[in-house]
Structures are given as structure tokens and as C-alpha cells.
Amino acid sequence: MPTPAFAAPEHPLTPLLRKLGSLTRLSARDKAAVLRLPVHPRVFTAGQDLVSEGDRPTQCWLIVEGWVQRYKILTGGRRQISAFHVAGDMADLPSLHLPVMDHSLGAVTNVAAVAIPHEALRKLLERHPHFNAPFWRDTLVDAAIFREWVANVGRRPAYQRLAHLFCELYLKQASVGLAHDHRCPMPMTQVDLADASGLTSVHINRTLRDLRRDRLIDLKSKLLVIHDWTRLVEAAEFDSTYLQLDRPLAA
């Protein structure tokens with residue numbers, strides 16, 4: 001199988017700088033310290049795990065390009081997706097302190113990523129302790145997103161559930177410059193959306209049809225187009241507080 005091609009950023013840690021910059025102000029010295037981190041690049045093909053449940057990782061994966069999903073496999077091969085991650089995310093950052101993975105991280109699309117050794121991250125935090133705050137904040141926001149997903153899967157009806165997911169994924173991408181003008185990548189299959197929302201693929205297909213019928217969104221060619229942000233937010237009863245964004249990005 002040929003190696004997928006990616007548009008290389010100016011530096012492989014550019015997405016991390018963009019993500020940290022969305023959480024705190026970075027000085028030139030801060031940026032230089034991040035760019036000195038050792039990295040080991042790798043490409044994952046869609047469907048391949050970056051790290052699997054039960055692993056004892058010694059590094060964190062920074063997503064440079066592509067989409068990653070956090071998931072667990074249940075009895076009989078059933079899958080529950082509990083998060084989607086995009087460029088700039090280190091979805092396995094908790095492995096700095098939790099030695100055994102209790103879930104897996106899999107590539108939704110082809111993914112370009114770089115491994116950053118745990119030891120190098122620990123030294124960065126020791127030498128530049130003010131970096132603890134943005135990394136800690138990122139972990140807390142991730143936990144807040146997880147709580148919102150529990151509420152979404154557990155209590156919201158299908159129409160509201162899917163609308164809420166689209167609102168979140170648009171704002172998350174917009175916050176790091178990956179979405180604009182109410183358009184954003186949305187490369188998941190209907191099976192992925194079903195496993196993320198606790199619905200069947202048939203139900204997802206029907207709900208997408210209803211959202212299109214109401215002129216709220218369109219989803220084709222792996223691109224989400226939001227036709228009416230205000231009405232989509234109302235339909236989802238979406239409150240972006242849990243994302244802890246400093247400013248509204250899609251008003």
C-alpha cells in the first residue's frame with residue numbers, strides 16, 4: 001500500500017503551537033522551547049490504531065494532520081466512540097500519568113502524527129512550569145467534552161444529538177483555524193457517527209435526511225456545510241460553555 005501524502009507544515013510541532021496558543025499566550029521563548037522537543041514522525045492509515053487498550057506507552061502522539069477517534073470495543077465487537085480529535089490534539093496526554101491505556105486511539109482518516117517521548121514532555125514542564133496550566137486546562141476541557149458526550153448519548157433525542165455533535169466539531173476546528181464560514185471537514189462515515197452517538201446507521205441516515213430537509217446542514221464529500229448556525233444551535237440546545245472558548249467563533 002503506498003504511503004499517504006500529507007502537506008507538511010513549516011515544523012511538525014506547528015499544530016501543537018496553534019493548540020497551545022488557543023489556550024494561553026506564548027512568548028517567543030515559549031515557542032522555541034516547544035520546537036526543541038524531540039519528535040518521531042509516523043503515518044497511520046485509516047483504521048489503524050495509534051495506541052491500543054492495554055498498551056503501556058512511553059510517548060504521546062501529536063496529531064499533525066487527519067482525524068483520530070477514541071474508542072472502546074465491547075462484547076461481540078460492538079464499538080463506542082467517545083471523542084474525535086484533530087490536528088494539534090494529544091489525545092493520549094493522560095498517559096504521562098496513567099501508565100496503562102484503558103481505551104484505544106484509532107485513525108479515522110490517514111493520519112500524520114509525531115511521537116513526543118514522555119521524558120521530553122516532563123522535562124519541558126519542569127523547566128517551563130507555566131506550561132503546566134495550558135496542558136492541564138486542555139485535559140480539563142477534554143473531561144468536560146466527555147461529560148457532554150455522556151449527556152448527549154444518554155438523554156438527547158437523535159435529531160438533537162447529531163445537531164449537537166456537529167456544533168461541537170465545527171467550533172473545535174474553528175478554534176484552531178481548521179474551519180471557517182460555517183464549513184469544516186467531517187470525514188466520518190455514517191457508521192462512525194452511529195458509534196459516536198449510540199444510534200444505528202439507519203437512524204443516522206434518517207436523521208441526516210431530516211437535518212437537510214430543515215435546511216440546517218448539508219454533509220457530502222466529507223465536508224459539513226452549516227446553512228443556519230443560529231437554528232442549528234437552537235435545535236441542538238447547544239451551549240458552548242463546556243468548550244471554554246475565550247470568544248464566540250460562529251455567532
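How many salt bridges does the count come to in this structure? The count comes to 14 salt bridges, and the structure in which they are found is a predicted model.

Side chains of opposite charge can pair when their charged atoms come close. Asp-142 forms a salt bridge with Arg-70, in which the closest N and O atoms are 2.9 Å apart. Asp-142 lies in helix H4 (residues 132-155) whereas Arg-70 belongs to strand S4 (residues 68-73), so this pair ties together parts that are 72 residues apart in sequence. Arg-70 counts as buried because its relative accessibility is 9%, which falls under the 20% limit used for that term.

A salt bridge is also formed by Arg-79 and Asp-195, with 2.7 Å between the closest N and O atoms. Here too the pair links distant parts of the chain, since Arg-79 is in strand S5 (residues 79-85) and Asp-195 is in helix H6 (residues 190-197), 116 residues apart. Asp-195 is buried, as its relative accessible area is 18%.

## A further pair and a network

The side chains of Arg-212 and Asp-218 meet in a salt bridge with an N to O distance of 3.2 Å. Arg-212 has a relative accessibility of 31% and therefore counts as partly exposed.

## Aromatic pairs

Among the rings of Phe, Tyr and Trp, with centres that lie within 6.5 Å taken as the condition for pairing, the count comes to 5 aromatic pairs. The rings of Phe-238 and Tyr-242 have centres 6.0 Å apart and planes at 75°, so the pair is classed as edge-to-face, a term that applies to planes over 60 degrees apart. Phe-238 is buried, and Tyr-242 is buried as well.

A cluster of aromatic residues is also present, and Trp-67, Phe-84 and Trp-149 make it up.

## Positive surface patch

## Backbone angles with positive phi

Most residues other than glycine have a negative phi. Arg-215, however, has a phi near 60°, which is a positive value in a residue other than glycine. Arg-215 is placed in the loop between helix H7 (201-213) and strand S9 (217-220).

Gln-244 likewise has a positive phi, of about 55°, although Gln-244 is not a glycine. Gln-244 sits in the segment after helix H8 (229-236), and its relative accessible area of 43% means that Gln-244 is partly exposed.

## Separations in sequence and in space

What is the separation between the C-alpha atoms of Ile-226 and Arg-215? These two residues are 11 residues apart along the chain, and their C-alpha atoms are separated by 8.5 Å. Ile-226 has its place in strand S10 (residues 223-226), and Ile-226 counts as buried because its relative accessibility is 4%. For Asp-192 and Ile-226, which are 34 residues apart in sequence, the distance from C-alpha to C-alpha is 20 Å. Asp-192 is found in helix H6 and is buried, with a relative accessible area of 9%.

Met-101 lies in the loop between S5 and strand S6 (104-107). Although Met-101 is placed in a loop, it counts as buried at 7% relative accessibility. Met-101 and Leu-37 are separated by 64 residues in sequence and, from C-alpha to C-alpha, by 23 Å in space.

Technical notes: Residues numbered from 1 in each chain as written. Predicted model: local features only at pLDDT ≥ 70, side-chain atom pairs only at ≥ 80, totals over all residues. Heavy atoms only, no water. Phe/Tyr/Trp six-rings, centres within 6.5 Å; stacked < 30°, edge-to-face > 60°. Buried < 20%, exposed > 50% of the residue type's maximum accessible area, 1.4 Å probe, protein only. Helix = DSSP H or I, 4+ residues; strand = E, 2+ residues; numbered from the N terminus. Salt bridge = Lys/Arg side-chain N within 4 Å of Asp/Glu carboxyl O.
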